[in-house]
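Work through the following exercises with the sequence and the model open beside you, and try each task before reading its solution.

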Amino acid sequence: MTVEVIVLPGEGIGPEVIAEAVKVLEWFQKHRDVHFFIRCEPYGVDAYEKYGTLIKEDVFSDLLSADAVLFGATGGPAFDALPDEAKISGNLLAIRKHMAVYANLRPVQAYDALSDVTSLKAEVVGNVDLVVVRELNGGIYFGEPRGRDITAAGIERGTNTLVYTAPEIERIARVAFNLARERRGHLHSVDKSNVLETYKLWREVVTHLGETEFPDVLLHHIIVDNCAMQIIKNPKQFDVILADNMVGDILSDLAGAITGSLGMLPSVSLSNFDENGHRCALYEPVHGSAPDIADQGIANPLAAIMCVGLMFEHSFQLSKETELLTKAIEKVLVAGFRTPDIQAGSLGAISTKCMGDEVVQALTRLNHG
Ligand code: NAD
């Protein structure tokens, strides 16, 4: 099969980690029976310098028909320095909305080989395997009214709005329930229903959906502050965590502490299927552009590489290829190859590029073995 993957590297460490993910895609192209048309396009500051926009118009429209989109990262000083009006059209939030990718799945898996790297005890993080399902097209990141103004009393004010409709809650909850059903059958729905009306509705809608369509899934409601504490105290209790846009954003970064680094967290964002059986899929590492380490060749590319594994699984039904890639990453970690963010003890650190090369070599060895 031949499928189109649009690649948008972005800024900061985005291009560095995406180069290694593309290397892995190319390995599969060469060694397995899968054929990708990999279309790399400038995004963000890079595109602005060439075309005066964050993303070319034709690329923006083609995101809807692509079989998958692989995105690096955006943000940082060069992005911040762009004119304000240039930062709106085609920014990452606009891309997510345009592609209608409302379901953001963020798997968090503890690797035994990294048990010496996390700041949590090995027995606490060992065997953790959870997924944060984050609503991505609504909530406070998009709610209106928003903005800044000066009150009648001359005081500066900032406003954002946390708004969800019942159908928006129901569609993301359905994704989370289905995932829990395929996994270990536990769903934790996160809210702050003790204080906020939006979350009261959230809880009611999730409860009703659970009772009517998913009685086989064990639903737990959990208040966000307690959830944050429980993720650190006892992460093994979680299977699927359902959260709104901002809470899901924060809790998944927090869950990064379990893996040892933000550089170990991939994600996929999915739309619904259309009448032709096509759906939009956006793959991006959870981390940002990490300006503090950009251009030094030391960023961990494994989150970006794991996005390729998620792509095989969710967009191309290539579960054997996902398995192979997961095994290759495990082998590399067990062999002690580490970028600085996951370095421990006396093991020397390797570069972003070397990590990509090691994964490719492990793939080759496993493929022949
Ligand atoms: P960040 O995720 O970029 O970095 C947080 C910390 O984690 C930094 O110390 C960084 O060095 C480290 N880190 C992140 N990814 C790493 C990797 N692959 N390897 C090694 N270390 C890694 O978050 P931030 O510093 O809060 O934000 C920086 C910029 O990124 C901001 O402009 C922010 O808006 C943007 N951002 C973009 C996205 C995205 O593109 N999806 C997500 C989050 C933040």
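**Exercise 1.** Find how many residue pairs are in polar contact between domain 1 and domain 2, and describe the boundary between these domains.

*Solution.* Between domain 1 and domain 2 there are ten residue pairs in polar contact, both residues at pLDDT 80 or more; a polar contact is a pair of N or O atoms within 3.5 Å, where within protein one must be able to donate a hydrogen and the other to accept it, and residues adjacent in sequence count only if both atoms are side-chain atoms. This is a predicted model, in which local features need pLDDT of at least 70 and side-chain atom pairs count only at pLDDT 80 or more, whereas totals for chains, interfaces and linings use all residues. Residues are numbered from 1 along each chain as its sequence is written, and side-chain values use heavy atoms, with hydrogens and water left out.

Next, locate the parts: domain 1 comprises 1–109 + 261–369, and domain 2 comprises 118–259, with bounds from an automatic or database domain assignment.

Finally, there is one salt bridge between the two domains, a term for a side-chain nitrogen of Lys or Arg within 4 Å of a carboxyl oxygen of Asp or Glu. The side chains of Arg106 and Asp249 form a salt bridge at 3.8 Å, N to O.

**Exercise 2.** Which backbone atoms lie at what distance from oxygen atoms of the ligand?

*Solution.* Begin with Thr74, where a polar backbone atom is 2.9 Å from a ligand oxygen. Continue with Gly76, whose polar backbone atom is 3.0 Å from an oxygen of the ligand, and then with Ser289, for which the corresponding distance is 3.1 Å.
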